[in-house]
Amino acid sequence: DITLFDQADIFLFCSARVSRQVMEADPMNIAHCPYAIFVMERNDTVEIGYRQYPEGPMQLVQDLLDEIVQEALEF
């Protein structure tokens, strides 16, 4: 009977431009697709986040996700 969160959504997507860049650097980066951003409400607080990606080319994805989250937080 433990409430983990009141509501939650995970948004999955792929950026064709960024995905192409990271997969040209290493085709195995396909394993990270699709990318996900979560939105969760718990204890009357909304949290938005994403998983951390490895150093190197995947930081392009990390930057994209951070930009999206920061823009969402402005609302």
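Which two cysteines form a disulfide, and how far apart are their sulfur atoms? Let's find out in this predicted model, one close-up at a time.

**View 1. The disulfide of Cys14 and Cys33.** Here Cys14 and Cys33 are joined, with 2.3 Å between their sulfur atoms. Cys14 sits in the loop between β1 (7-13) and α1 (16-25), while Cys33 sits in the loop between α1 and β2, so the pair ties together parts that are 19 residues apart in sequence. If you are new to the term, a disulfide is a covalent bond between the sulfur atoms of two cysteines. A search of the whole structure turns up 1 disulfide.

**View 2. The hairpin of β2 and β3.** Follow strand β2 (residues 35-42) into strand β3 (residues 45-49): the two pair in the antiparallel sense over 5 bridges. At the turn, 2 residues lie between the strands, and Asn43 takes a positive phi near 55°. As you trace the chain, keep in mind that in a regular strand the side chains alternate between the two faces of the sheet.

**View 3. Asp66 in helix α2.** Helix α2 covers residues 59-73, and Asp66 has its place there. Asp66 counts as partly exposed because its relative accessibility is 32%, which falls between the cut-offs of 20% and 50%. Now look across to Ile37: the C-alpha atoms of Asp66 and Ile37 are separated by 9.5 Å, although these residues are 29 residues apart along the chain.

Note on methods: Residues numbered from 1 in each chain as written. Predicted model: local features only at pLDDT ≥ 70, side-chain atom pairs only at ≥ 80, totals over all residues. Heavy atoms only, no water. Pairing = 2+ DSSP bridges. Helix = DSSP H or I, 4+ residues; strand = E, 2+ residues; numbered from the N terminus. Buried < 20%, exposed > 50% of the residue type's maximum accessible area, 1.4 Å probe, protein only. Disulfide = S-S within 2.5 Å.
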